[in-house]
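Visitor: I'm new to this one. Could you show me the structure and then walk me through it?

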Amino acid sequence: MSQDDLHVYTQRPAHSREDWTVDQNWDNFTQDEHEMWDHLFARQSKMLPGRACRAFMQGIDVLKLEKPGIPDYAILNERLIAATGWQVVAVPGLVPDDVFFDHLANRRFPAGNFIRKPHQLDYLQEPDIFHDVFGHVPMLADPVFADYMQAYGKGGLRSLEYDALDHLARLYWYTVEFGLIKEDGELRIYGAGIVSSYGESIFALDDGSPNRIMFDLQRIMRTEYRIDDYQQNYFVIESLDDLLKATVETDFGPLYRGLEQLPDIKIADLIDTDIILHRGSQKYAQLKT
Ligand code: PHE
């Protein structure tokens, strides 16, 4: 895909509102686009039981996402608002950081208003409707995760004042996008980047390559990540309550200042304080280079 095809805007497109939202224009989706959703939905929902965490599976049920076709946000939002007060809003593509955080802080999840093309079935560089809605929205129906995401939005706005966005972004990456959780002694997925990917839903849990390390806020904020392939680290939380507690009850101000003195951690490196559940062989990443 060439850069030109990406839905990245540095300036607000003329057809969008001040907060960058657009109408979903559900009627404009083609039959092919609805079928793309159905295909991806069928493939993921078949493999996720026993892999995705309880909150995610419940979210799919509560929101009735199994209905065929790209979800109509007017209908989806009725259910989501009833569950946690969150709603999905359509945006043209990636939006500026402050705009994104402001939406989250107000319990609105911005979703890109396009769906991947057949040649992007397994991989695309930017979030589409399937990633944003199938991957993110079920978790937003969980009351604890719903609070976490709102707190993250507020924290995001605050991080801009500390010039600490790069550190906070890593927390999003290693929790909201690629987080694993312990459930009944086993690992399960809650990260949207994993549950919306067929290959990574298997890789993250079963492959010997990546590290699986217990969640550690400061460690995560120091850890580099990759956006072009399966992760080399996954961080594991004990529970959603734990995640909320560890983040909401900590003032990130001093943490950010401390991080300025500490070096970043290279992507696959382990450190002394890590509680390692699985020491990755990193075979997969090595084969690719
Ligand atoms: N406690 C964080 C702060 O002081 C805010 C936050 C909460 C950030 C939850 C991320 C997730 O900035």
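This is a predicted model: local features need pLDDT of at least 70, side-chain atom pairs count only at pLDDT 80 or more; totals for chains, interfaces and linings use all residues.

Visitor: How many residues does the largest nonpolar core have?
Guide: In soluble globular proteins, nonpolar side chains tend to be buried together. Here, the residues with the most contacts inside the largest core include Trp37, Phe56 and Val133. The number of residues in that core is 80.

Visitor: Which residues does Phe56 touch, leaving out those up to four places away in sequence?
Guide: Phe56 is among the residues with the most contacts inside the core. Leaving out residues up to four places away in sequence, Phe56 touches Leu48, Phe134, Gly135, Pro138, Met139 and Val195.

Visitor: How do α2 and α5 lie to each other, roughly parallel or roughly perpendicular?
Guide: The axes of α2 (residues 54-62) and α5 come within 7 Å. Ala55, Phe56, Gly59 and Ile60 make the contact from the α2 side, and Phe134, Gly135, Pro138 and Met139 from the α5 side. So the two helices are roughly perpendicular.

Visitor: What about α1 and α5: at what angle do their axes cross?
Guide: α1 covers residues 31-47 and α5 residues 129-140, and their axes come within 11 Å. The α1 side of the contact includes Trp37 and Phe41, while the α5 side includes Phe130 and Val133. α1 passes α5 in a right-handed crossing. The crossing angle is roughly 40 degrees.

Visitor: Which strands stand at the edges of the open sheet?
Guide: The sheet has 5 strands with mixed pairing, in the order β4-β3-β6-β5-β7. Each edge strand has a single partner, so one side of it is left without a neighbour in the sheet. The edge strands are β4 (186-189) and β7 (276-278).

Visitor: In β6, which residue is the bridge partner of Met214?
Guide: Strand β5 (residues 211-214) and strand β6 (residues 233-237) run parallel, and 4 bridges join them. In β6, the partner of Met214 is Val236.

Visitor: Is Asp163 buried or exposed?
Guide: Asp163 is found in the loop between α6 (143-161) and α7 (165-177). Asp163 has a positive phi of about 55 degrees, although it is not a glycine. Its relative accessible area is 73%, and over 50% counts as exposed, so Asp163 is exposed.

Visitor: And Trp20, buried or exposed?
Guide: Trp20 sits in the segment before α1, and its phi is also positive, near 75 degrees. With a relative accessible area of 6%, where under 20% counts as buried, Trp20 is buried.

How values were computed:
Residues are numbered from 1 along each chain as its sequence is written. Side-chain values use heavy atoms; hydrogens and water are left out. A nonpolar core is a set of buried Ala, Val, Leu, Ile, Met, Phe, Trp, Tyr and Cys residues joined through side-chain atoms within 4.5 Å. Buried means under 20% relative accessible area, exposed over 50%, partly exposed in between (1.4 Å probe, protein chains only). Contact means heavy atoms within 4.5 Å. Two strands pair if DSSP finds at least two bridges between them. Axes are lines fitted to C-alpha atoms, for helices over the stretch in contact, and angles run from 0 to 180 degrees between N-to-C directions. A crossing is left-handed if the near helix is turned anticlockwise from the far one by less than a right angle, and right-handed if clockwise. Angles under 35 degrees count as roughly parallel, over 145 as roughly antiparallel, 65 to 115 as roughly perpendicular and the rest as oblique.
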